[in-house]
Amino acid sequence: MVTSTDDEGTIVALLDRFRLQRLPQALALKEKVDGGGTLDDHDITFLEQVFEDMRDVKPLVQRHPELESLTARIAVLYKEITDKALANEQGS
């Protein structure tokens, strides 16, 4: 069984990775698609990894409901990116 201390370390690591890596890349993608761009293979690979990671952290979020609001906001950001990218792709 995972202890609270183990979860805390995992949460800190995940938040650091999000803040330092994932969020800057997500914001760059949002700017790209908001400007009419489409996703390239690198962008799609990044998003696939993000969605896989979100699936993997689901049990952690279930154990720590205080994270639900943050993860929901993150999910909305990625949905906005993919929706806009799809609209751009269909419009081109």
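At 42% relative accessibility, Arg63 counts as partly exposed, and that is a handy place to start touring this predicted model. Arg63 belongs to helix 2, one of the three helices that, with zero strands, make up the secondary structure of the protein chain.

**Overall layout**

- The C-alpha trace of the protein chain spans about 50 × 20 × 20 Å along its principal axes.
- The protein chain has 92 residues, and 27% of them count as buried.
- If you take the contacts between residues at least 6 apart in sequence, 69% of them join residues at least 24 apart.

**Helix 1**

- Helix 1 covers residues 4-34, and at Phe18 it bends by about 45 degrees.
- Phe18 is also among the buried residues of helix 1, together with Asp7, Ile11, Arg22, Ala26, Leu29 and Val33.
- The cover over these buried residues includes helix 2 and helix 3.
- Just after helix 1 comes Gly36, which takes a positive phi of about 100 degrees.

**The largest pocket**

- If you are curious about open space, the largest pocket holds about 460 Å³ of it.
- Its lining has 20 residues, and those closest to the pocket centre are Asp53, Met54, Val57, Thr71 and Ile74.
- Helix 1 (4-34), helix 2 (41-63) and helix 3 (68-91) are the elements that each give two or more residues to this lining.
- Helix 2 provides the largest share of the lining, with eight residues.
- By residue class, the lining of the largest pocket divides into 15 nonpolar, one polar and four charged residues.

**Aromatic rings**

- The model has two aromatic pairs.
- In one of them, the ring centres of Phe51 and Tyr78 lie 6.2 Å apart with their planes at 75 degrees, so this pair is edge-to-face; the angle is over the 60 degrees that this label requires.
- Phe51 sits in helix 2 and Tyr78 in helix 3, so the pair ties together parts that are 27 residues apart in sequence.
- The two partners have their own accessibility labels: Phe51, at 40% relative accessibility, counts as partly exposed, whereas Tyr78, at 2%, counts as buried.
- The cut-offs explain both labels, because buried means under 20%, exposed means over 50%, and partly exposed is what lies in between.

**Glu66 and Arg63**

- Glu66 is found in the loop between helix 2 and helix 3.
- With 56% relative accessibility, Glu66 counts as exposed.
- From Glu66 to Leu27 the C-alpha to C-alpha distance is 24 Å, and the two residues are 39 apart in sequence.
- Back at Arg63 in helix 2, its C-alpha atom is separated by 26 Å from that of Ala26, a residue 37 positions away along the chain.
- Ala26, for its part, is one of the buried residues of helix 1, while Arg63 counts as partly exposed.

Note on methods:
Residues numbered from 1 in each chain as written. Predicted model: local features only at pLDDT ≥ 70, side-chain atom pairs only at ≥ 80, totals over all residues. Heavy atoms only, no water. 1 Å grid on protein atoms, 1.4 Å probe; cavity = no way out; pocket = protein on both sides within 12 Å on 5 of 7 lines; lining within 4 Å. Points joined across faces, edges and corners; volume = space filled by probe spheres on them. Helix = DSSP H or I, 4+ residues; strand = E, 2+ residues; numbered from the N terminus. Nonpolar A, V, L, I, M, F, W, Y, C, P; charged D, E, K, R; others polar. Bend = angle between axes of the 7 residues up to and from the residue. Buried < 20%, exposed > 50% of the residue type's maximum accessible area, 1.4 Å probe, protein only. Contact = heavy atoms within 4.5 Å. Phe/Tyr/Trp six-rings, centres within 6.5 Å; stacked < 30°, edge-to-face > 60°.
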